[in-house]
Amino acid sequence: MSKIRVLPDHISNLIAAGEVVERPASVAKELVENAIDAGATRIVIDVESGGRRLLKITDDGEGMTRDDAILAFERHATSKISKAEDLAAISTLGFRGEALASIASVARVELITCTEDATAATRVTIEGGRLRDVKDAAHPRGTTISVRDLFFNTPARRKFLRSEATESYHLTNLVTHYALAHPEIAFTLTNNGRETLRVAPAKDLRERAYQIFGAQFLEGLLEVNNVSEPGAVATGSDEPIDSIDPLATARGSVTQIARVQGFVSAPRERRTSRDAQFLFVNGRFVRDRLIGRALSEGYRSILPHGVYPVALLFIDVPLEEVDVNVHPAKTEVRFRRAAAVADAVREAVRTGLASAGFAPATETRDTASIAEDVDTGEAVPAPAAPQHDSAPLTKEPAARGFELRPQPQQDRIAFATARAEAQPSPDFSPRLVNESAASPITAQRPIADQIESEDAFSAAELATPSGDTTAFPDLPPLDSAIKFVREVPVESLSANIRPLGQLDESFIIATDDEGLLLIDQHVAHERVLFDKYRALESSRKPESQQMLIPETFDLTPAQAAAFDVVAPELEAYGFELMRLSGRTVAIKSAPADLPASEARNVLSEVLDTVDAEKRGGARANLRDEIAASLACHAAIKVNMPLAPEKMRWLIDRLLLTSSPTTCPHGRPVILRLATQDILKGFHRI
């Protein structure tokens with residue numbers, strides 16, 4: 001007897017449901033996409049018990065005939081594609097023909113649909129994959145589909161659903177995504193009879209973002225649009241740019257492969273997760289790591305590691321350049337030329353930041369613009385010399401882009417030399433390396449003495465500020481000490497740590513009995529504050545600071561769904577919050593250590609990140625998330641000069657924490673360059 005058999009249809013549907021129907025939000029995603037593909041201008045979503053008891057989607061699309069309504073519940077039945085070639089250029093959100101069959105196999109489904117010229121609507125009832133009834137009904141043009149008792153016939157799947165609050169959060173987040181992707185459609189979301197979201201048709205993304213997030217959210221966003229760049233092609237519509245020449249592969253025409261539009265946040269608006277990033281490819285919401293990395297790369301040297309910007313990005317590419325048939329859930333895509341798309345996203349974000357003054361304009365990829373910026377003296381600290389030929393600068397634009405960062409350090413050396421000759425400072429302290437503009441060499445002795453003893457350069461040569469790097473001799477390559485630097489075990493730390501100064505006003509340079517230490521001042525203070533906040537829970541009431549004027553801001557629909565769960569925990573740390581009308585919240589008090597300007601960012605970040613499984617997990621985990629977020633925003637920042645007493649205080653407090661070598665997010669706090677390794681590097685042993 002053969003061991004291999006063909007599975008019955010109802011078992012095949014149950015297997016497919018395991019891929020497509022993960023939770024109620026997965027059902028809503030498929031049904032909302034069907035409504036959008038049907039040309040709806042108004043979509044209403046009704047939810048009860050987090051979507052487990054009822055999930056009803058009503059639209060005013062074109063509707064279906066009776067035959068189509070019955071056939072739609074068959075596996076791989078679709079109106080979106082008809083031949084294999086259609087898979088290479090999919091323009092609709094749905095195309096697989098699996099969703100309705102999979103949903104109907106694990107729920108009780110009722111479909112009512114009517115076309116424009118039909119005399120009566122059609123009602124189709126299916127229960128657990130079995131057709132129960134088909135009859136006439138009354139219904140305007142469009143479709144209403146009700147999904148009740150999700151997973152009623154698969155208890156094993158039902159028990160894996162999260163709490164009602166968590167499932168409601170996912171549903172609200174999903175509707176928010178599609179409302180952003182289609183501002184021309186009116187959306188209404190009702191949860192347990194309470195209206196959670198209502199937006200009227202908007203003329204553009206900015207208006208729709210205002211409807212959902214409010215005016216304060218928009219104030220912190222920067223526009224991103226590479227359509228106006230040289231070589232870009234603007235179609236003037238929201239349709240995918242399928243008319244663009246796909247053979248344009250030159251670096252100067254990267255934007256012809258992908259059109260990038262939307263908004264990104266200013267550096268002050270930051271999150272510790274990517275939950276506030278809304279990414280769309282050809283109008284389809286996706287979770288794409290490639291685009292996420294390209295977005296983060298656009299903030300290179302602007303945002304510290306471990307934090308992420310807020311983003312509403314729409315990437316339009318020719319249909320044949322993207323494959324959406326990667327996963328049944330259709331939230332993953334594959335680009336034919338992934339590197340070109342990543343370049344377009346990164347450069348568009350970088351240009352948007354540069355236009356607002358947050359990034360050097362010379363870091364854009366256009367060679368001519370680099371040469372122009374260098375000639376005008378906008379990026380190079382030294383004044384431009386009109387008599388100098390700029391041709392050598394345009395031959396290696398990429399190299400010049402990387403030379404921009406060390407350039408100010410060279411000018412600072414020259415500037416310090418001139419000051420040392422004119423009025424030497426007898427009070428210069430060798431311990432504070434960054435207290436003056438001099439280099440570490442000048443911290444040891446006056447530069448004028450070095451010139452006299454070493455007879456290397458004349459004082460006039462060193463004091464001449466020039467953008468020409470040929471004024472400095474070419475140094476031989478230096479050996480890197482990175483192979484000797486290692487993280488510090490807790491047991492090897494001692495109380496005898498002596499601070500010497502700061503590096504880039506961000507890292508404390510110190511010594512102990514074993515060698516040289518490099519301490520990240522931000523994460524060190526973050527660890528100190530984290531332990532403090534966690535200790536306040538059991539010891540006493542946290543310290544709060546009253547706001548002179550309560551700060552109000554509008555929650556997103558998803559944040560509003562999470563607010564009632566998180567608010568008591570936030571108040572335990574010193575927040576005093578008041579829910580006003582609609583989705584508006586007022587902050588009346590904040591923790592004493594937290595700057596008032598950071599209170600809104602902390603609250604937004606906690607509501608964005610403490611969701612889903614985190615809110616459904618242990619209460620201690622939720623408190624850890626809140627304490628870590630508070631500590632991150634209240635801690636000493638990078639590029640902040642510290643007095644010797646402050647460095648000493650920070651090190652002493654760090655040694656008293658529960659884990660002085662790692663921050664609450666797991667990053668190292670202290671790196672060591674041992675004396676033994678220094679001796680090995682100099683070949684002394």
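User: How many helices and strands does the secondary structure of the protein come to?

Analyst: The protein has 23 helices and 25 strands, where helices (H or I, at least four residues) and strands (E, at least two) are DSSP runs numbered from the N terminus. This is a predicted model, in which local features need pLDDT of at least 70 and side-chain atom pairs count only at pLDDT 80 or more, whereas totals for chains, interfaces and linings use all residues. Residues are numbered from 1 along each chain as its sequence is written, and side-chain values use heavy atoms, with hydrogens and water left out.

User: Why is S105 called buried?

Analyst: Buried means under 20% relative accessible area, exposed means over 50%, and partly exposed lies in between (1.4 Å probe, protein chains only). S105 has a relative accessibility of 3%, and therefore counts as buried. The residue sits in the loop between helix 4 (99-104) and strand 3 (108-114). Leaving aside neighbours within four places in sequence, S105 is in contact with N13, L14, A17, G128, G129 and N153, contact being defined as heavy atoms within 4.5 Å.

User: What makes E514 partly exposed?

Analyst: The relative accessible area of E514 is 38%, so the residue is classed as partly exposed. Its place is in the loop between strand 20 (507-512) and strand 21 (515-520), and beyond the neighbours within four places in sequence E514 is in contact with S492, R672, A674 and T675. The C-alpha atoms of E514 and L673 are separated by 8.4 Å, although these residues are 159 apart along the chain.

User: How do you know that a polar contact joins the side chains of E514 and R672?

Analyst: A polar contact is a pair of N or O atoms within 3.5 Å; within protein, one must be able to donate a hydrogen and the other to accept it, and residues adjacent in sequence count only if both atoms are side-chain atoms. The side chains of E514 and R672 are joined at 3.4 Å, which is reported as a polar contact. For S105, a polar atom of the side chain lies 2.6 Å from the backbone oxygen of S102.

User: Why are the buried residues of helix 9 said to be on the same side?

Analyst: The buried residues of helix 9 (residues 289-298) are I291, G292, A294, L295 and G298. They cover an arc of only 165 degrees around the axis, which puts them on the same side of helix 9; the arc is that of the directions from the helix axis to the C-beta atoms. An α-helix has 3.6 residues a turn, so residues three or four places apart point the same way. On the other side of helix 9, R289 and R293 are exposed. The cover over the buried residues of helix 9 includes strand 12 (277-281), strand 15 (311-316) and helix 10 (338-355). At the N-terminal end, D288 caps helix 9, with a side-chain oxygen 3.1 Å from the backbone nitrogen of L290.

User: What makes strand 9 and strand 13 edges of their sheet?

Analyst: Two strands pair if DSSP finds at least two bridges between them. The sheet in question is open, with 5 strands in the order 9-10-15-12-13 and mixed pairing. Strand 9 (221-225) and strand 13 (284-285) each have a single partner strand, so one side of each is left without a neighbour in the sheet. Strand 12 and strand 13 run antiparallel and are joined by 2 bridges, and F280 has F285 in strand 13 as its bridge partner.
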